[in-house]
Every structure is written in C-alpha cells, then in structure tokens.
Amino acid sequence: MTAEGLREASFSVGAGVACKLLTESDLDLDRLLHLLLGSAPMERGEVALFGEALGGVSEERALSLFSRMGIVWSGGGFVSNLKVWENILLPVMYHRGWTPASCEVRVLDLLRRLGVDDDLVPGYLQSLPGALPVQAQRLLGCARAALMDPEIMIYESAFEGLQRDVRARLESFAVWFHAQRPGRTSVYLSSDEQSLRSLPADLVLRQEKGRFDE
Amino acid sequence: MQKTDIAQVLGRRVLTFFVHAAGAFALAVQAARALPALAQRPVRVVFYRQIYFTGVQALFVVAAIGLVLGLAIITQVASLAGRTTDLTGRILVWVVVRELGPLFAAIIVIARSGTAVAAELGSMKVNDEVRYLRAMGIPASRYLVMPRIAGVTTSLLALLFFFQGTAVLGGLALSSFLFDLPFRAQLDNLAATLSFFDLSISLVKGLVFGLVIAAAACYHGLRVRRSITEVPQAATRAVIEALILVVVIDGFITLASFL
C-alpha cells in the first residue's frame, strides 16, 4: 500500500457484521477508500471484495463488485450536473433498468425513514445537489445508496458534523437498514470515534500505528 | 536561449502533442466499444443532452455565420466575375460544401462545446464525481465519455449540413435579392455542380472532426487531477489540440480526395 499509515494494515470484515472502522486521520480514511476503489496504486498487498482480490479481476468485474456495495459519502457523493432525483435513480436505472415510476414509492419511503420532512422532499428532489445544505445532501445520498439494496453499506464519516437530531435519525436508519437484509455488512468509517459512540457494532477496528486492532 | 534548447522545447512540445493525440484516440476507441451502452436510459439521457447543448443551442450561431459567409462569397464572385449565375453555384460548392462548411462547423463546435466538455469533466474530476460514479459501478468511459463523443459527433454532422444549407441557400437568396441574379437558375447550376462525392467528403470530414474534437475534450477533461486551476488549462489544451488536429486532418482529407 502506498499510504505510510496503511503500510502494515491488514484486516477483514465478514458478512453480516456491523463494524466501526476507525482510522488515525482523515488522510488515512481517504486513502483507504481510494485503495478499496482502485483509484490509488498499491505498492504491495491486496484488497479483496466479496472474497475476490481486486488486483486480479478485470475492470468490468471490479465495477460489478462495486455495484453490490453502497457508500454514504460525507459530502453526498452526487454528480453536480444532475438533479438530486436523477442522482438517486442513477445506479438503479443503470444497473437494473428500473424506471422512475417504479422507484418513486421506495425512494419516498426511504426519505421518510431518514426523517426528511415530507414538505421539503419535492424541492430537494428537483434541486441540483450543490444548492442543498450538506446535511440534506448526506441524507439524500444515503437514500441513493440504500435504494440499490447493497450487500455492503459503507458510511464514510457520515455521522460527523451533523446536528444532534439529524445524527440520531441517520443512526437509527443505519441500524434499521443493517437488519433489513440477512448477511448485510455495515462499515462505519471515521477518524472521529466520538461521532460513532452511540452506534451499536459487532466489531470495532481501530488503527494504531498503522495496524488495525480489535 | 540556445538553438539546442529551442530544439529541445519544440521536440518536447511535438512529442507531448502526439502523446495527447494518442490518448484521445485510445479514448475514442474505448467509447466506440461502449456504444451498446446507449441502450441504457441514463446513458441515453447524457447523449440527448449533449446533442441539445452542442447541436440545438448552436443552430442560431451556425445559421448567422452561414448566411454571412454565403453572402460574402457571392459578393466576392459578383465583384470579380460579374453577375454570372454559372460561377456562383460552382464556387459555393467548392468553397462551402467541400472546405469551409466542415471547417467552420468544427470551429464553432470547438469554441462552444470543446471547452464546455473539457471544463465540465475537469470539474467533475476535481470534485471527485468520477470516483463517486466508479464506486457505484458506473465507468466514466461508458457514462461520461461515450455519450459525449457520440453526441458531439452527431451534432457536428447535423450542424455541418445545416451550415452548408444556410450558407448556400441563404447566399443564393440574398444574391438574387441584392444583385438581381435569378434564384432558380443559380439553384439549377448548384444542383448540376453538387455531386455525391462532394457530400461524401463533407460527411467524412464532419465525422472525423466530431470524433477528434470530442475525444480531445474528454481526454483533457479527465486528465485533470485535484486542482481547480487545472480546469481552464485543460479546456485551453483541448481547444488548441482539437484545432490543430482538425486543420491537419482537413488538409489530408482534401489532398486525398484529389488524388
């Protein structure tokens, strides 16, 4: 691995586990995600997803594995020139061929579970993501990831910098969503342990001097 | 600066240009392979939007330039050769259909869409949006690059024929109004001069120019790394390289068509 802090890192998260993954810095967290997505080169070692080493599979296969995973990005993770509604539907339309009409009820249900005010929903969905507050972007991004019903859900610093009530809603959504699919893995990734303190987890991996220990 | 330094700088520039051209070509090949993805609705939406931005929104500019160009050519012909209907049709075909039509349409598309595509993709790279797409299992080559290349190429072809139509018909109409040249006689001359070969050359140029402009724009846009200051640089490089390639390719195609 290229990142100094991750040079000795070695860990695995099994299926069905809710795991807190705590890095020493935001930089290590970012690099960890870059390595997972193959957007940073690795000096040595390997990253495996669903039991397949990403270094040994084709680009097509890697993308197919990524499509089984959902990431809730701290900044929303939206494509800026698409409306929020188009952003939310993009992965399910691209991978599954769903139509907007077939997703509408499910999206509204997810947004309700995330505590997004019903009155605000139409305005949010028709806006460009850049026009919305970060908290709203994160909740809407969470709905997009959840809509794909992923086998692995990763929350990237998703509980940091939120108002208390919004964080509580997102936490209860994460717990509910984890239980919705048997074998679903939830990874709460953060460099701020405090932001994850009230989330239940089966496993806590903490980075110390480059190693991840339980 | 010594002669060797100048040679080194020039050599490096030329080499870089060819490396970039090869990169853009590889991207165009990748896009061609990804063409079946147009069957997917989200990809098709990007394709339609590109046609709207590059083709539909440029119609007014293209029509205006075409009209002025047609009139300018007819005026020149009338001032040099007198008010003759024989020559106007022929010169319009030679100049507008074979040469200036494809070139002007390409320059308009480079100026409007080449910069826009490079800047848009560059901003997406800086804002990590390409990584977000990848994390969803959506490759940039299929979702961002292919529909843009296909959209720009389709639009350029349409704009090219629209430009030629406006320049030729508008030029003839204006000349019949200003110089009392019979419109119908000029049109008959034009129809007699215009061959399938002329239109084919025009079609080939439009197709190649569209691919080159879009591939260069996408290539430079996606080469942006982490800094927002790279975005305007990428747009400038895309424009310059597309212009050079278009002019060079235009020369080659014109030369080849006369061999």
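Residues are numbered from 1 along each chain as its sequence is written, and chains are lettered from A, with ligands numbered from 1, in the order in which they are written. Because the model is predicted, local features need pLDDT of at least 70 and side-chain atom pairs count only at pLDDT 80 or more, while totals for chains, interfaces and linings use all residues.

**View 1. Chain B as a whole.**
Chain B has nine helices and zero strands. Helices (H or I, at least four residues) and strands (E, at least two residues) are DSSP runs, numbered from the N terminus. Along the sequence, the pattern of chain B reads α-α-α-α-α-α-α-α-α. The C-alpha trace of chain B spans about 65 × 55 × 35 Å along its principal axes. Of its 259 residues, 44% count as buried. A residue is buried if 20 or more other C-beta atoms lie within 10 Å of its own, exposed if 12 or fewer do, and partly exposed in between, with C-beta atoms placed from the backbone. Among the contacts in chain B with a separation of 6 or more, 87% are between residues 24 or more positions apart. Two residues are in contact if their C-beta atoms, placed from the backbone, lie within 7 Å.

**View 2. Helices H6 and H7 of chain B.**
Two packed helices are described by the angle between their axes and the distance between the axes. Here the axes of H6(B) (residues 140-178) and H7(B) (residues 183-193) come within 9 Å and cross at roughly 145 degrees. Axes are lines fitted to C-alpha atoms, for helices over the stretch in contact, and angles run from 0 to 180 degrees between N-to-C directions. The crossing of H6(B) and H7(B) is right-handed. A crossing is right-handed if the near helix is turned clockwise from the far one by less than a right angle, and left-handed if anticlockwise. Which residues of H6(B) meet H7(B)? They are B:Val168, B:Leu172, B:Ala173 and B:Ser176, and they meet B:Phe183, B:Gln186, B:Leu187 and B:Leu190. Ala, Val, Leu, Ile, Met, Phe, Trp, Tyr, Cys and Pro count as nonpolar, Asp, Glu, Lys and Arg as charged, and the others, Gly among them, as polar.

**View 3. Where chain B touches chain A.**
On this interface, 15 residues of chain B are in contact with 17 residues of chain A. On the side of chain B, helix H2 (41-54) and helix H5 (129-135) are the elements that give two or more residues. H5(B) gives the most, with six residues. The residues on this side of chain B divide into seven nonpolar, three polar and five charged.

In H2(A) (residues 59-66), A:Ala62, A:Leu63 and A:Phe66 are buried. Seen down the helix axis, the buried residues fall within an arc of 100 degrees, so they line one face of H2(A). The arc is that of the directions from the helix axis to the C-beta atoms. On the other side of H2(A), A:Glu60 and A:Arg61 are exposed. The cover over the buried residues includes strand E4 (69-72) of chain A and H5 of chain B.

**View 4. A:Leu32 and its surroundings.**
A:Leu32 lies in helix H1 (residues 26-36) of chain A. Is A:Leu32 buried or exposed? A:Leu32 counts as buried because 23 C-beta neighbours lie inside 10 Å. Leaving aside neighbours within four places in sequence, A:Leu32 is in contact with A:Leu6 and A:Thr23. The C-alpha atoms of A:Leu32 and A:Leu189 are separated by 9.7 Å, although the two residues are 157 residues apart along the chain.

E1(A) (residues 18-22) and E7(A) (residues 203-208) run parallel and are joined by four bridges. Two strands pair if DSSP finds at least two bridges between them. A:Leu21 has A:Leu205 in E7(A) as its bridge partner. Three bridges join E7(A) to E8(A) (residues 211-213), and these strands run antiparallel. A:Arg206 stands opposite A:Asp213 in E8(A). E7(A) and E8(A) form a hairpin with two residues between them, and A:Lys209 in the turn has a positive phi of about 50 degrees.
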